[in-house]
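Here is a short tour of one protein model. Please keep the sequence and the 3D view at hand as you read.

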Amino acid sequence: MRLFLGLILLLPIAAHASLGEGLERHHMKLAAESQLISHARHGSRLLHHSVKTRYAVLYLHGLFESPHYNSGILETFHAAGMNVYAPLLAGHWRRDRRQSFELSHADWLRDLRDALELTRKLGDKILVAGFSTGGLLALRAALEHDDVAGLLLWAPALHLTQLTYWSVRYGQATGLTLNDRLRLPADGFDVADYSPKLGHEVIELIRDTFRTHGAGLSAAARRRSVGKKLNLPLFLVMSDVDDTADPRALDEFFTSYAGPKERIRYRAADDILHGNITKAPQDVFVGWEDRFNFQFEEKRARILNFLERLP
């Protein structure tokens, strides 16, 4: 499967006239990224079928990740007959880690707009999918762009747990990062920059999203009001023991959601936390081979079934 996908991506642009502009834009982005990122494998990814498909998927990765660590999900969409675009978000896997301290959540919103523009060239309709921070950006896309036809969200960062929130605040105040405090596994290439500045910008993105699009005095009321605004198909994956994205907030959002909806809800006995909820076996860090979603194939089947039932 991977060899087949690799061969597709290596074919010359001229062989795919119907996707010419989209492919050209993607290769231009890769060329610009190559000067900034620590290794090419973390770059933006495009999985395509040579022609414009009925649905195209924009997938947005989570904080401190890259498209490389979400290959199982990307290949699932591609196997369903869809073109898939997964950009690398600003501030991630940069050679110069100081760049993360200059980043604003506005840079991610700019990335979102640019990625949507490219995805429109890949399909007649757009699905937006994302994990954690990427899930929040996907929600933002649905709120601000009328041509989004569906949402698939993995543990979207609609509200952070208290532990995560105060860890970010402490790291920001002290200048400490998880790179300083944890012995992270070497993956043979590089280690992510676990900067509290990026965590701070997630907090700001959450505030900005629900102040802009929500209504009500409390954060919970604003989340419910956002859910009531949307009438497009939703597929939500969440865990009751998520240690980062507050599961109570996700439940509030899902319960109030106005459109057709489906959910995978992992319970405590499933032992699925925030960090492994999206992971196929091939998506783990070296040294953390057991940190993947052991129910990934069951989840994949549910996703494919959801996609087959789209109008």
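What does the accessible surface of the protein come to, and what percentage of it belongs to carbon and sulfur atoms? The surface is about 13,600 Å², and carbon and sulfur atoms hold 55% of that area. Please bear in mind that this is a predicted model.

Let us begin with the whole chain. The protein has 311 residues, and 55% of them count as buried. Its secondary structure consists of 11 helices and seven strands.

Next comes a look at one helix. Helix α3 spans residues 71-79 and is mostly covered, with eight of its nine residues buried. Those buried residues are Ser71, Gly72, Ile73, Leu74, Glu75, Thr76, Phe77 and His78. Just after α3, Gly81 adopts a positive phi of about 90 degrees.

Now turn to Val284, which sits in the loop between β7 and α11. Is Val284 buried or exposed? Val284 counts as buried because its relative accessible area is 16%, below the 20% cut-off. Leaving aside residues up to four places away in sequence, Val284 touches Tyr69, Glu289, Arg291 and Phe292. Val284 and His68 are 216 residues apart along the chain, yet their C-alpha atoms are separated by 9.6 Å.

The elements named here, with their residue ranges, are listed below.

| Element | Residues |
|---|---|
| α3 | residues 71-79 |
| β7 | residues 261-266 |
| α11 | residues 296-308 |

Key
Residues are numbered from 1 along each chain as its sequence is written. This is a predicted model: local features need pLDDT of at least 70, side-chain atom pairs count only at pLDDT 80 or more; totals for chains, interfaces and linings use all residues. Side-chain values use heavy atoms; hydrogens and water are left out. Helices (H or I, at least four residues) and strands (E, at least two) are DSSP runs, numbered from the N terminus. Buried means under 20% relative accessible area, exposed over 50%, partly exposed in between (1.4 Å probe, protein chains only). Accessible areas come from the Shrake-Rupley method with a 1.4 Å probe; for residues, only the protein chains shown count as cover. Contact means heavy atoms within 4.5 Å.
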